[in-house]
Amino acid sequence: MTQEGRPTGIKYEDADDAARRGGTVDFEGRRAEVVRLNVESSMGTQHTALLDLDLGEEHLVLFGYFSGEEFMEVGRKRPS
């Protein structure tokens with residue numbers, strides 16, 4: 001059973017493009033640089049994903065999955 005995620009408004013295409021080109025996405029009303037996007041897929045399950053964001057004053061790693069094209073957050077970590 002998949003844990004229910006919280007919609008982030010981040011689309012896969014935008015996150016992938018930003019990760020490849022050093023760009024940004026909108027996250028919780030702020031611009032966030034996408035440091036890394038890691039998506040794994042396995043047969044019969046949803047794609048799991050890790051989204052590494054630099055918010056300027058803080059660094060945030062989001063864990064979740066893509067539902068359709070939108071990243072759904074199930075957890076986060078603030079690395080020190």
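Arg30 is partly exposed, at 28% relative accessibility. Here buried means under 20% relative accessible area, exposed means over 50%, and partly exposed lies in between (1.4 Å probe, protein chains only). The structure is a predicted model, in which local features need pLDDT of at least 70 and side-chain atom pairs count only at pLDDT 80 or more, while totals for chains, interfaces and linings use all residues. Residues are numbered from 1 along each chain as its sequence is written, and side-chain values use heavy atoms, with hydrogens and water left out.

Arg30 forms a salt bridge with Glu58, at 3.5 Å from N to O. The criterion is a side-chain nitrogen of Lys or Arg within 4 Å of a carboxyl oxygen of Asp or Glu. This pair links distant parts of the chain: Arg30 belongs to strand S3, Glu58 to the loop between S4 and S5, and 28 residues separate them. Helices (H or I, at least four residues) and strands (E, at least two) are DSSP runs, numbered from the N terminus. Glu58 is also partly exposed, with a relative accessible area of 22%. A salt bridge also joins Glu58 to Arg78, with the closest N and O atoms 2.7 Å apart. Arg78 sits in the segment after S6, 20 residues from Glu58 in the loop between S4 and S5.

Asp52 and Arg36 form a further salt bridge, with the closest N and O atoms 3.9 Å apart. Asp52 lies in strand S4 and Arg36 in strand S3, so the pair ties together parts that are 16 residues apart in sequence. Asp52 is buried, at a relative accessible area of 7%. Arg36 is partly exposed, at 41% relative accessibility. Shared partners join the salt bridges of Arg6, Glu28, Glu73 and Arg76 into one network. The count of salt bridges comes to eleven.

The strands build an open sheet of six, in the order S1-S6-S5-S4-S3-S2, with antiparallel pairing. Two strands pair if DSSP finds at least two bridges between them. Strand S1 (6-11) and S2 are the edge strands, each pairing on one side only. From one strand to the next, the twist averages 50 degrees. Axes are lines fitted to C-alpha atoms, for helices over the stretch in contact, and angles run from 0 to 180 degrees between N-to-C directions.

S2 and S3 run antiparallel and are joined by four bridges. Phe27 stands opposite Arg30 of S3. Seven antiparallel bridges connect S4 with S5, where Ala49 has Gly64 as its bridge partner. These two strands form a hairpin with four residues between them, and Gly56 in the turn has a positive phi of about 90 degrees. S5 and strand S6 (residues 70-77) are also antiparallel, joined by seven bridges. Phe63 faces Gly75 in S6. The S5-S6 hairpin has two residues between its strands, and Gly68 in the turn has a positive phi of about 70 degrees.

Helix H1 lies across S1, S2, S3, S4 and S5, at about 95 degrees to S3. The largest nonpolar core has 16 residues. Such a core is a set of buried Ala, Val, Leu, Ile, Met, Phe, Trp, Tyr and Cys residues joined through side-chain atoms within 4.5 Å. H1 (12-21), S2 (24-27), S3 (30-40), S4 (48-54) and S5 (59-67) each give two or more residues to this core. Those with the most contacts inside it include Val25, Phe27, Leu53 and Phe71. Beyond its neighbours within four places in sequence, Leu53 is in contact with residues including Val25, Phe27, Val35, Glu58 and Leu62. Contact means heavy atoms within 4.5 Å.
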